[in-house]
Amino acid sequence: MSSQPGSGPARLCVTNAKGGTGKTTVAVNVAGALNERGHDVLFVDLDPQGNATEGLGLVEAYDAGPPTLFDALTDPDRRSVVDDLIVSHPEMDVVPSNIDMLQAEHELTIAELMARAPEVGADPDALADLAMNVTSDAVTDGHALGALDEVLAAVEGDYDYVVVDSPPFYGKLTDTGIYAARNVLVPALTEATSERAVELLIDQMAALEGQTGISVQTLGVVANRVEKTNEDRTMLQWLEEVFADFPVWQVRKRVALQRAFTDGVSLFEYEDSVDMEAVFLEIADEIDERLDAAEVPA
Ligand SMILES: Nc1ncnc2c1ncn2[C@@H]1O[C@H](COP(=O)(O)OP(=O)(O)O)[C@@H](O)[C@H]1O
Ligand SMILES: [Mg+2]
């Protein structure tokens with residue numbers, strides 16, 4: 001049913017290396033919309049800052065001791081600890097981030113160096129001394145970006161979708177999120193600073209495809225916090241030109257999105273009805289169509 005090789009839930013990664021573009025807001029509300037459509041959703045917080053984890057009311061999980069998502073991602077022998085990390089939320093199951101995730105970028109970078117060591121005649125195992133967890137077993141098919149893919153393959157739950165919220169920087173954590181998902185949804189603010197961020201993301205995806213041989217599908221762009229100014233109009237036009245072949249949805253600036261987040265839920269569980277629910281449902285329907293998900297239960 002999914003666009004992944006093999007079986008399992010369809011996956012998507014909400015990504016843009018610029019902070020504050022609405023990755024977490026979009027990821028939580030798209031997950032909420034998919035749940036509203038009757039799907040079982042697993043939400044993965046890949047951001048070491050754990051905004052989604054905290055926003056979904058899971059602060060204790062963020063502060064919990066090992067093993068955590070850090071160990072599952074960085075220790076090839078402990079992928080399956082993920083099953084004990086999953087926490088339930090009224091709208092979705094969640095793999096929370098954790099304070100230890102602050103070390104993950106370092107570990108995954110060493111894993112990537114291990115993958116490249118043979119190119120220069122270096123010994124991959126010598127690099128293991130610089131790492132806490134990673135070993136050269138992290139390298140498969142000549143790269144080390146399969147960490148989250150392998151973690152998700154070890155999940156025993158039965159989900160229709162996995163939604164990954166990614167960190168606000170370019171690096172190996174984000175790469176492992178895009179590599180695992182193969183499908184990206186890109187939130188972008190309708191302001192001039194978004195141009196560079198979007199161009200860099202397109203370059204990053206091309207580099208990742210070149211390095212690993214996978215192909216990454218863009219599901220669409222979420223123009224976020226849209227207001228009725230000239231700058232917003234100009235940027236919307238720019239996004240529609242750059243992503244001419246993809247849907248560009250518009251999520252307006254709504255304080256309810258912040259309030260729902262503070263209440264630990266998506267708009268769909270939030271007490272008030274908010275007009276932007278319709279946009280997130282449209283996104284969910286497009287995802288359903290593109291990723292050919294399981295039939296919605298009657
Ligand atoms: N459409 C919106 N309207 C109002 N506030 C928003 C909207 N989208 C995001 N925000 C707020 O902007 C801030 C940054 O959003 P967030 O989703 O955390 O971005 P990111 O995950 O990309 O860093 C948060 O406080 C969030 O509540
Ligand atoms: Mg975030």
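Buried here means under 20% relative accessible area. Asp 175 has 8% relative accessibility, so this residue counts as buried. The model is predicted.

**Asp 175 and helix 9**
- Asp 175 sits in helix 9, which spans residues 172–181.
- The side chain of Asp 175 meets that of Lys 172 in a salt bridge, at 3.8 Å from N to O.
- Both partners, Asp 175 and Lys 172, belong to helix 9. They are three residues apart, about one turn of the helix.
- Beyond neighbours within four places in sequence, Asp 175 is in contact with Leu 145, Gln 204 and Leu 208.
- Leu 219 is 44 residues from Asp 175 in sequence. In space, their C-alpha atoms lie 17 Å apart.

**Other salt bridges**
- The whole structure holds nine salt bridges.
- Arg 78 pairs with Asp 71, with 3.3 Å between the closest N and O atoms.
- A network of salt bridges links Asp 71, Asp 75 and Arg 78.
- Glu 112 forms a salt bridge with Arg 116, and their closest N and O atoms are 3.8 Å apart.
- Glu 112 and Arg 116 are four residues apart in helix 6, so about one helical turn separates them.
- Glu 112 is buried, because its relative accessibility is 4%. Arg 116, at 41%, is partly exposed.

**Ala 104 in helix 6**
- Ala 104 lies in helix 6, residues 104–116.
- Ala 104 has a relative accessible area of 0% and is therefore buried.
- With neighbours within four places in sequence set aside, the contacts of Ala 104 are Phe 70, Thr 74 and Leu 173.
- Ala 104 and Glu 191 are 87 residues apart along the chain, and 31 Å separates their C-alpha atoms.

**Negative surface patch**
- Asp 77, Asp 123, Asp 125 and Asp 137 form a negative surface patch.
- Asp 125, one of the patch residues, is located in helix 7, residues 124–127.
- Asp 125 counts as partly exposed, because its relative accessibility is 47%.

**Backbone features**
- A cis peptide bond runs from Pro 66 to Pro 67, with omega near 0 degrees.
- Pro 67 is placed in the loop between helix 3 (59–63) and helix 4 (69–74).
- Arg 182 has a phi near 65 degrees, a positive value in a residue other than glycine.
- The loop between helix 9 and strand 6 (183–189) holds Arg 182.
- Arg 182 is buried, as its relative accessible area is 13%.
- Arg 225 also has a positive phi, near 60 degrees, and is a residue other than glycine.
- Arg 225 lies in strand 7, residues 217–226.
- Arg 225 is partly exposed, with 37% relative accessibility.

Terms used:
Residues are numbered from 1 along each chain as its sequence is written. Chains are lettered from A and ligands numbered from 1 in the order in which they are written. This is a predicted model: local features need pLDDT of at least 70, side-chain atom pairs count only at pLDDT 80 or more; totals for chains, interfaces and linings use all residues. Side-chain values use heavy atoms; hydrogens and water are left out. Patches are made of residues with over 30% relative accessible area and no salt bridge: like charges are joined within 9 Å, nonpolar side chains (Val, Leu, Ile, Met, Phe, Trp, Tyr) within 5 Å. Accessible areas come from the Shrake-Rupley method with a 1.4 Å probe; for residues, only the protein chains shown count as cover. A salt bridge is a side-chain nitrogen of Lys or Arg within 4 Å of a carboxyl oxygen of Asp or Glu. Lys and Arg count as positive and Asp and Glu as negative; His and the chain ends are not counted. The place of a charge is taken as NZ of Lys, CZ of Arg, CG of Asp or CD of Glu. Helices (H or I, at least four residues) and strands (E, at least two) are DSSP runs, numbered from the N terminus. Buried means under 20% relative accessible area, exposed over 50%, partly exposed in between (1.4 Å probe, protein chains only). Contact means heavy atoms within 4.5 Å.
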